[in-house]
Amino acid sequence: MLEQTVPIVSNDRDTDLYFRLVVRAPRIAPLVQPGQFAHVRIPPLKDALLRRPFSIFQVAGDTLSILYKAVGKGTDALSQMRPGDLLSLLGPLGHGFTVPQPGGDTPLLVAGGYGMAALYLLAQRSAQKGIAFVGGRRRVDILADNEFQALGWDVRASTEDGSHGERGLVTQPLLAELRRRATGRKLFACGPTPMLKAVAQIAHDFNAPAELSMDQHMCCGVGACLTCVIPIRIGGGWEYQRACTEGPVFDARHIAWDAPGIPAP
Ligand SMILES: Cc1cc2nc3c(=O)[nH]c(=O)nc-3n(C[C@H](O)[C@H](O)[C@H](O)COP(=O)(O)OP(=O)(O)OC[C@H]3O[C@@H](n4cnc5c(N)ncnc54)[C@H](O)[C@@H]3O)c2cc1C
Ligand code: FES
């Protein structure tokens, strides 16, 4: 894990409220593993000491990129920054996904909204191509689907308003696919907590392994403050683990969904 002051290369609107930020981070970029995140200090913010966590979306040479949605004061301030402006990056942070190896289970990716950002490097580095189920409320919430297709993945989109792909939740086509064949498949998911909970239930019902990226609210990002804890089953009980260090990616079977600590939908 390194801290680096990095210049913005580009910061353009992708769709609607979503932006793509590219920064030159020659020390951090080569270290990134799929599912890891960067903790970003945004200098124009008054409370700039508080960093914001974002999945590392893509890595190319000495640059890395982030796909983010402007949802509040930090991301709004970030969206107004321009090429040449400086950010402070802490990263790569966290424990990411297990990259599929040759001869292993076929990966099925499940992404809701900006969850695609956490899954792109996994798709790129996976020894096997599988199916990427991508969902959102509307067409504008489906991000980077062309880029997954360009990697050779079978992309199945769904939107709640039916404006792109199948109408409904992203878990519907996933269920249909698992009913067709569940053996030899492994799920990898990132998105809103209710979606992750549904994916965990589906994985349980089909006895399929699953890894979930749990995007908890974070403060320090490095294991010191305990803001981000998640209840994890250990033996017959459970204990809190830190999403920023032991996670954000956890084995779905280990998450104690009914214990206190999982954010309500
Ligand atoms: C490991 C990790 C990876 C993430 N990756 C991405 C990503 O790739 N792209 C992206 O757009 N966002 C990502 N997020 C969420 C992102 O960190 C928040 O959207 C951001 O911190 C909001 O900052 P803000 O100051 O704009 O919002 P605030 O003004 O602080 O809050 C505005 C709204 O955003 C919600 N919010 C704040 N933090 C989170 C969070 N951690 N998860 C969900 N909602 C939150 C608040 O509840 C509130 O409703 C990730 C979060 C984590 C923990
Ligand atoms: S954010 Fe501080 S311990 Fe995880």
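**View 1. Strands S13 and S16 are paired in this predicted model.** Strand S13 (residues 210-213) and S16 run antiparallel and are joined by 3 bridges. One residue pair to look for is Glu211 and its bridge partner in S16, Asp251. Strands of a sheet pair through backbone hydrogen bonds, either parallel or antiparallel.

**View 2. An open sheet holds 7 strands.** Their order is S11-S10-S9-S8-S12-S13-S16, and the pairing is mixed. Strand S11 (166-167) and strand S16 (249-251) are at the edges; each has a single partner strand, so one side of each has no neighbour in the sheet.

**View 3. The largest nonpolar core has 74 residues.** The members that touch the most others are Val110, Leu119, Val199 and Leu212. Helix H2 (residues 115-125) gives the largest share, 8 residues. The core lies between domain 1 (2-93) and domain 2 (106-254), because both give residues to it. In soluble globular proteins, nonpolar side chains tend to be buried together.

**View 4. Val110 is shown with the residues it touches.** Leaving aside residues up to four places away in sequence, Val110 touches Phe133, Val170, Leu174, Leu187, Ala189 and Val199. Val110 and Val199 are both among the core members that touch the most others.

**View 5. Ligand 1 is surrounded by 21 residues.** The closest are Tyr68, Gly72, Gly74, Thr75 and Asp215. Strand S4 (52-55), strand S6 (63-69) and helix H1 (73-79) each give two or more residues to this shell. By class, the shell has 11 nonpolar, 6 polar and 4 charged residues. Domain 1 (2-93) and domain 2 (106-254) each supply at least three residues of the shell.

Conventions. Residues are numbered from 1 along each chain as its sequence is written. Chains are lettered from A and ligands numbered from 1 in the order in which they are written. This is a predicted model: local features need pLDDT of at least 70, side-chain atom pairs count only at pLDDT 80 or more; totals for chains, interfaces and linings use all residues. A residue is near a molecule or strand if its C-beta atom, placed from the backbone, lies within 6 Å of it. Helices (H or I, at least four residues) and strands (E, at least two) are DSSP runs, numbered from the N terminus. Ala, Val, Leu, Ile, Met, Phe, Trp, Tyr, Cys and Pro count as nonpolar, Asp, Glu, Lys and Arg as charged, and the others, Gly among them, as polar. Domain bounds come from an automatic or database domain assignment. A nonpolar core is a set of buried Ala, Val, Leu, Ile, Met, Phe, Trp, Tyr and Cys residues joined through C-beta atoms within 7 Å. A residue is buried if 20 or more other C-beta atoms lie within 10 Å of its own, exposed if 12 or fewer, and partly exposed in between; C-beta atoms are placed from the backbone. Two residues are in contact if their C-beta atoms, placed from the backbone, lie within 7 Å. Two strands pair if DSSP finds at least two bridges between them.
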